[in-house]
Every structure is written in structure tokens, then in C-alpha cells.
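This report describes selected features of the structure shown below.

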Amino acid sequence: MDLESVKRFLEKGRKENQSVVDSMPLKFFDPFIMQGLHVDLIEPGRIICSMKVPPRLLNSGNFLHGGATATLVDLVGSAVIYSVGAPMTGVSVEINVSYLDAAYADEEIEIEAKALRVGKAVGVVTVELRKKKTGKIIAQGRHTKYLAISSKM
């Protein structure tokens, strides 16, 4: 593909959707991904959630978008850091996701987050997305966060 074609691909819909994008409320992204999520179990260091995959989170292949999956790893993984009593979840240092299967519209998925370590400065969590019906793994993620150390000044 030539460079101009790549540029057109990346800028696709930029002008046509500008007014829609500009009219979106601030902090739109998290609720866009998380709407419909239900917490099924919460205990210190472990959270299990479920949701039906909404059509708004599908990619062009009509299955759960990888970016939505990574955002679920980020947000549910951050919540599990709170579950062990941390006062804040810090900032992401590293996040990785292995995509193993697809989830389709209206399919029920389960998201399980576990705190592997939450120390004074660093938190490490693992997040797994599974098909609720079969238990088949959709994606596995690992998220490392820097937990800001409060100043004693």
C-alpha cells in the first residue's frame, strides 16, 4: 500500500464525523466501554464481572474489538488494585494482551481480574476474558501500574 493510501485509511471519516466527536461529553470513553458490565464477585485481590458484548464494541469483523478488550483489561485491572485497599490505582507502566478467541455481539463474557502484587510503588494484575457459556478464554492480559507515592512534605 502506498503512503497516501495509508494516510487516507488513518484519517478516514475525520471530517464527516468531526461534529459528532466534538459533541461527545468529556470522559466519554470509560462509560462507553463499561456500560452493561455487572460485578458478579468482589473480594480482596479478585473481581469477576460479566457483560453481554454490545454491538458498539464490535470491530469490522463483527467481533469484540481488540481496543475494547485492552480497555477492559485496563479498567477492571485497575479496580482490582482498589479491592486490596490501595487509595489510588496509579498510571499504566505496561499492559499486554494476548488475543486467543473472538466474542460476538450479545455473547455473554466473563472478566476475571486478580491482583498478583500490590506494593507501595507498583501493582501487577492479571485479567482474563472468557466466554461465560463454555469458559473458553478470549483474551489474557497483564497490567503493571506505578502507584504514586504520596509526599510526606
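Met 1 is exposed, its relative accessible area being 81%; here buried means under 20% relative accessible area, exposed over 50%, and partly exposed in between, with a 1.4 Å probe and protein chains only. The residue belongs to the segment that precedes helix 1 (3-11). Helices (H or I, at least four residues) and strands (E, at least two) are DSSP runs, numbered from the N terminus.

Together with Val 6, Phe 9 and Leu 10, Met 1 makes up a nonpolar surface patch with about 500 Å² of accessible area. Patches consist of residues with over 30% relative accessible area and no salt bridge; like charges are joined within 9 Å, and nonpolar side chains (Val, Leu, Ile, Met, Phe, Trp, Tyr) within 5 Å. A salt bridge is a side-chain nitrogen of Lys or Arg within 4 Å of a carboxyl oxygen of Asp or Glu. Areas follow the Shrake-Rupley method with a 1.4 Å probe, and for residues only the protein chains shown count as cover.

## Basis of the model

The model is predicted: local features need pLDDT of at least 70, side-chain atom pairs count only at pLDDT 80 or more, and totals for chains, interfaces and linings use all residues. Residues are numbered from 1 along each chain as its sequence is written, and side-chain values use heavy atoms, leaving out hydrogens and water.

An open sheet is formed by six strands in the order 1-2-4-5-6-3, with antiparallel pairing. Strand 1 (38-43) and strand 3 (91-99) are the edge strands, each pairing on one side only. Two strands pair if DSSP finds at least two bridges between them.

Strand 5 (residues 122-131) and strand 6 (residues 137-146) run antiparallel and are joined by nine bridges. Within this pairing, Thr 126 stands opposite Arg 142 of strand 6.

## Loop residues with positive phi

Asn 62, in the loop between strand 2 (46-52) and helix 4 (66-83), has a positive phi near 65° although it is not a glycine. Asn 62 is exposed, at 52% relative accessible area.

Asp 106, likewise a residue other than glycine, has a positive phi of about 70°. Asp 106 lies in the loop between strand 3 and strand 4 (108-118) and is exposed, at 53% relative accessible area.

## Annotated domain

UniProt, in an unreviewed entry, lists residues 62-136 as "domain: Thioesterase"; its positions are given in the numbering used here, feature names are shortened, and annotations may be inferred rather than shown by experiment. Over residues 62-136 the chain is 24% helix and 40% strand, and the end C-alpha atoms lie 19 Å apart.
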